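Student: Can we go through this one quickly? I'll ask, you answer.
Tutor: Fine. Have a look at it first.

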Amino acid sequence: MNPGKTIFTLLLPALVWGIFPTPLPAQPVRFYSEPLDSDPGWTAESDWAFGQPTGEGGCDAPNPLGGCDDTWGYPDPDSGYTGDNVYGYNLQGDYPNGMEATYYLLSPGIDCTGYRSVTLKFHRWLNVERRQWDEARLEVSSDGENWIAVWSNPLEGPINDSAWDFLEYGIGSVADHQTAVYLRWGMGPTDSEHYTCSGWNIDDIELWGVTPAPTPPPTATPTSTPFGYKTPTPTATPPPSPSPTVAPVPTATPTPSPTPTPSPSPSSSPTPTPVPTATPSPSTTPTPSATPTMVPTASPVPSPSPGEPVRIYSFPLDSDPGWTTQSAWAFGRPGGGGEIPGFYPNPTYPHTGYNVYGFNLAGGYGAEMPPYSLTTAPIDCSELVKTRLVFYRWLNIERWERDRAAVAVSSDGWNWQTIWENPPGDWVRDSSWQRQEYNISSIADHQTSVYVRWVMGPTDEFVNPSGWNLDDIEIWAVPAGPTPIPTATSVPTATPVPTATPTASPVPTSTPTATPVQTCTPTASPALTASPVPTATPPFVLPILDYSGDGTSDIAVFRTVSGLWAVRGVTRAYFGSSGDIPIPGDYNGDGTADIAVFRTTSGLWAVRGVTRVYFGRAGDKPRPAEWSGDGKIDIAIFRQTSGLWAIRNFSRYYFGGSGDQPLEGYYSGLPAAAGIFRPASGLWAVRGVTRLYFGSAGDLAQPGDYDGRGRWQPGIFRPATGLWAIRKLTRIYFGSSLDSPVPAGYGGDRIDRIAVFRPATGLWAVRQLTRTYFGGTGDLPVSR
């Protein structure tokens, strides 16, 4: 650090992240192995060959590094690391002087589809002079034409292996999810005046990666309800008396019956009239008591075991988090430059993923340079204790007396405390990614805005090595204190949809009932604040399923067995029948969602009060959206067998195919664009917009406008763990394998809220907004 200078840093606005514990990463598995017990037939140029090495070459003098005539280093092995055979350059001895080109051993294309964080592992026995005279290299490609350097021998100092050496290189930035990945080892060029050596020998080549299978959740995540508070259970909150086979099991609102009515709630907030119920059938379900059990709205977030930190925040740098950079600090792919005698260059690959933060990604830091910083956005640690900073580092720098690098932490963005500096009297020379962990609890615990920054400089006028490279930055801590989930009002409504005898006319109502609902947490203040509405107005308004015209997505269900549509607090109607697919939307442009169904057996589209038309055929998937951008939902289908997209009276084209999930949406605003998600590989492809990898097999694609910018982002819900991952925005845990994801604009601010519907109980939980009971087993949510 430079105590004589004050550094002013422009800080970004606070980012919002959930503080739910993050599970440990999935463990990699070996998905490719070539032990070289038999000849795999790889492409071998010049003297590259498959077979048993002969133990020749090199120098057999007592001190082989001293050289023997015109050779140098140790001889080849006389067998493989396992078995007899290897691939090697000149199995009978040394490589020659005067090689003018690089000659390669080239693997065939290896299928890495569905694997991320791909790692190459192999055993090496290599002897070669320093790179300024003779060269050895390792490269990787995803197309067989454009090659990325993974490793090359250093400029200063030879490689002298006298035994098999195990090597491991992360190649995920090139190989992840690729259908054909090529590896090649190069020998040459070599000079014509110095020593020769025994060269390359390689054996037991493997590729490892993280499989698409979901990661089991950590014990920190509550198994019954990971929403941060207790969920009502049938024993704590009695269910209604109608038969549980059709109606939801738990409820917080007793239905009209001879049983006593709960006493009025301290809150005066009324709730909409419940959907009329049918005559209750005999049931063994307990009858509500006169005083329903109170359910707390929040409870502490547990940790795996008392006092043991868990991962709270993770910044894998797969996308740019937008942190504040000064001078040559930058986000991107490292370039491998900056090598000088005595130090290692920048990496050519991240620790994981595709990008890093680094100081001058193309080379070394500057001479006589003042300190420059990379500074995070503020991180909320208000409910955390025993906070720790974890990250991976690739750093090369002179000793502290000449050049300086530091890590500092602040709880206000102005007063900084240094937690690490490069040591005096010693160089830092990283040739691989190094995990770093620092205890920052004295600065960060219980603080609402914690900043971390990495500093490069000041430097002197002499040597300038490659400097900082950073990846996979994490905050670990023990969650402490409650994490409340506020509701829109202090009276969480619980309006179940029990069975009813179909009537000729629905009974819509928005008039509050006279019977109050028991509050979950009586408070003096009748209303809690929902999630804040962004001050910025989206560039355009995206469609939502608003049945009432109030600008809010409504909680609603479609009961397939009877064709019942029930919209909470708005209406109920019978439209459609068993086997129909609900396809609600604003088909006439009047600002409210229309009840509609698609009949899979005949291709019938029926929009209540608007139209009936046949479009498509059996097996087609209905894909209604604002395809023309005229403010009305257009009729459209996706034919999975051929990849056909057909928009009625508008367009027809082919995009995607069998195995793809259609995901039309507003990825670049209005109008809608055709998109697909390929679970086998995590591929997202949006026609004319983008193509990327996000998620894996077992994930449920959930794109939406989660930040209010008027454009959808790719997102996934992982049922096995309750993980929600929104690309370039957030990763949180909300829900479980019992739940269906139902994100929508419930807050009235045109921002999609993370939410789940639990069919077994009829629970709707909208993160940081509300939870209520509506619907039950067999019902389909129709809120977007």
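Tutor: One cut-off before we start: buried means under 20% relative accessible area, exposed means over 50%, and partly exposed lies in between. Also, this is a predicted model.

Student: Where do W420 and W468 lie?
Tutor: W420 is in strand β22 (residues 417-421), and W468 is in the loop between β25 (451-456) and β26 (469-479). The two parts are 48 residues apart in sequence, so the pair ties them together.

Student: What about F638 and W645?
Tutor: Their ring centres are 4.8 Å apart with the planes at 45°, so that pair is tilted. F638 is buried, with a relative accessible area of 0%. W645 counts as buried too, at 0% relative accessibility.

Student: Which residues form an aromatic cluster?
Tutor: F315, W323, F331, Y357, F391, Y438 and W454 form one.

Student: Back to β22. What does β22 pair with?
Tutor: Strand β21 (residues 405-410) is joined to β22 by 4 bridges, and the two run antiparallel. V409 stands opposite Q417 in β22.

Student: How many residues lie between β21 and β22?
Tutor: There are 6, and the two strands form a hairpin. In the turn, G413 has a positive phi of about 85°.

Student: New topic: β13. Why is β13 described as largely enclosed?
Tutor: Strand β13 (residues 201-210) has 9 of its 10 residues buried, so the rest of the structure largely encloses it.

Student: Which strands pair with β13?
Tutor: Take them in order along the chain. Strand β1 (residues 28-34) runs antiparallel to β13, joined by 6 bridges. There, S33 stands opposite E206 in β13. Strand β4 (residues 86-89) pairs with β13 in the antiparallel sense over 2 bridges. G88 has N201 in β13 as its bridge partner. Strand β6 (residues 116-124) also pairs with β13 in the antiparallel sense, over 6 bridges. R116 has V210 in β13 as its bridge partner.

Student: And where is H194?
Tutor: H194 is in the loop between β12 (182-190) and β13. At 28% relative accessibility, H194 counts as partly exposed. The C-alpha atoms of H194 and T71 are separated by 8.4 Å, though the two residues are 123 apart along the chain.

Student: What is the lining like by class?
Tutor: It has 27 nonpolar, 10 polar and 9 charged residues.

Student: Which strand gives the most to that lining?
Tutor: β30, with 3 residues. Strands that each supply at least two residues are β30 (580-582), β34 (621-622), β38 (661-662), β42, β46 (740-741) and β50 (779-781).

Student: Last one, β42. What sheet is β42 in?
Tutor: An open sheet of 4 strands, with the order β42-β43-β44-β45 and antiparallel pairing. The edge strands are β42 (700-701) and β45 (730-733), each pairing on one side only.

Student: How many bridges link β42 and β43?
Tutor: β42 pairs with strand β43 (residues 715-718) over 2 bridges, in the antiparallel sense. The bridge partner of L700 in β43 is F717.

Technical notes
Residues are numbered from 1 along each chain as its sequence is written. This is a predicted model: local features need pLDDT of at least 70, side-chain atom pairs count only at pLDDT 80 or more; totals for chains, interfaces and linings use all residues. Side-chain values use heavy atoms; hydrogens and water are left out. Two strands pair if DSSP finds at least two bridges between them. Ala, Val, Leu, Ile, Met, Phe, Trp, Tyr, Cys and Pro count as nonpolar, Asp, Glu, Lys and Arg as charged, and the others, Gly among them, as polar. Buried means under 20% relative accessible area, exposed over 50%, partly exposed in between (1.4 Å probe, protein chains only). Rings of Phe, Tyr and Trp (its six-membered ring) pair if their centres lie within 6.5 Å; planes under 30 degrees apart count as stacked, over 60 as edge-to-face and the rest as tilted.
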